[in-house]
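Opening the notebook on this one. I'll jot down what I look up as I go.

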Amino acid sequence: MKKLISIIFLLYIAYQLFVVFYAIPFGTDEVRSKVGKFYLEHSPKDLQVANTVTSIVVNFRGFDTLGEVTVLFLASTALGSILFRRREVHTRLSHLRTSVEASSIVRVTGRILFPMIVLLGAYVFIHGHLTPGGGFQGGVIIATGFLFLLLAYRQFTIDHKTIMWVESLAGITFAGIGLVGIFMGKTFLENFLGVGKLNELISGGIIPLIYIAVGFKVAAELTGILDTILLISITVDETENQTEKNG
Amino acid sequence: MSTILTILVVIGAIVLIAAALFAVHKRDLVVATVATSVISLVLSLFYFLLQAPDVALTEAAIGVALTTIIFIVTIRNTKRFED
């Protein structure tokens with residue numbers, strides 16, 4: 001009975017999707033001809049931004065991005081509050097961390113690659129308005145760099161206070177840039193700076209500034225999440241060892 | 001699309017479906033997680049071919065690196081084999 005209901009439900013969804021997409025003749029560009037055309041025309045002309053995706057995410061739909069960043073912040077805060085065992089674990093495991101070291105290949109590669117990965121991430125979010133990518137992608141790349149170090153060196157720890165400060169300051173910068181628009185007598189997240197020239201590093205007004213803030217925020221949040229999760233893994237290992245010893 | 005590109009897309013699609021089936025049917029969860037990261041890798045190549053490099057970057061960084069590591073850490077702390 002349950003299966004029958006779910007099959008009928010899926011068939012209904014499929015029918016509705018078919019009706020919608022059947023109305024658009026195959027191969028025609030119904031979607032891009034309306035709203036997409038506006039973005040493709042106005043992004044290089046009004047904002048002097050080469051990457052249209054960035055101009056949509058940060059300028060035309062900037063408020064959505066602020067909400068998105070807030071969601072990520074909430075997720076990382078929730079995870080931290082559930083898995084937070086920092087202080088006691090840190091003191092208890094300080095002797096144990098050095099004994100479970102990764103192989104020397106991983107350690108040396110990590111040491112050499114870490115600055116390059118961070119540089120690539122910074123490049124991606126600083127050039128978000130010129131090349132593909134942006135704050136979110138760059139932040140994730142930086143977080144993977146820190147992940148590499150966390151996996152390679154067990155004694156490598158991340159100061160959660162620094163993470164918190166970086167994250168908060170980046171968030172405040174984003175919201176502050178938005179508020180400046182109101183103080184200038186326009187709307188929230190209004191592009192109040194001069195837009196400059198197409199394909200130059202300093203162009204697009206507030207877009208690079210916001211993307212740099214988003215990059216820092218995402219990198220800090222994801223690094224914090226990874227550190228919390230990996231630390232829990234070490235704690236579980238240690239409790240297993242203890243039970244083995246006792247039993 | 002040129003012929004070589006079409007062949008590449010067909011091979012990619014086959015790898016995609018094979019990896020997805022593998023991920024569903026394999027009982028070793030670590031292997032299944034690696035299969036899902038293969039899916040993400042092929043998908044990011046597809047996004048790039050379909051002229052969405054932004055999405056391709058996100059998929060490569062999130063799907064291949066972060067999701068895999070979070071899954072593997074979780075599996076390490078729970079159970080490796082499915083019942």
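How do H6(A) and H7(A) run relative to each other, roughly parallel or roughly antiparallel? They are roughly antiparallel (under 35 degrees counts as roughly parallel, over 145 as roughly antiparallel, 65 to 115 as roughly perpendicular, the rest as oblique).

Housekeeping: this is a predicted model, with local features needing pLDDT of at least 70 and side-chain atom pairs pLDDT 80 or more, while totals for chains, interfaces and linings use all residues. Residues count from 1 along each chain as its sequence is written, and chains are lettered from A and ligands numbered from 1 in the order written.

**Chain A pair.** I checked the axes of H6 (residues 104–126) and H7 (residues 135–152) of chain A: they come within 8 Å and cross at roughly 170°. Axes here are lines fitted to C-alpha atoms over the stretch in contact, with angles from 0 to 180 degrees between N-to-C directions. Helices are DSSP runs of H or I, at least four residues, numbered from the N terminus.

I then listed who meets whom: A:Phe114 and A:Ile117 are among the H6(A) residues, and A:Ile142 and A:Phe148 among those of H7(A).

**H2(B).** I compared lengths for residues 29–49 of chain B: at 1.5 Å a residue, 21 residues should span 30 Å, and the end C-alpha atoms are 30 Å apart, so that agrees. The expected span is 1.5 Å times one less than the number of residues.

**Between chains.** I found 13 residues of chain B in contact with 16 of chain A (contact: backbone-placed C-beta atoms within 7 Å).

Definitions and conventions:
Two residues are in contact if their C-beta atoms, placed from the backbone, lie within 7 Å. Helices (H or I, at least four residues) and strands (E, at least two) are DSSP runs, numbered from the N terminus.
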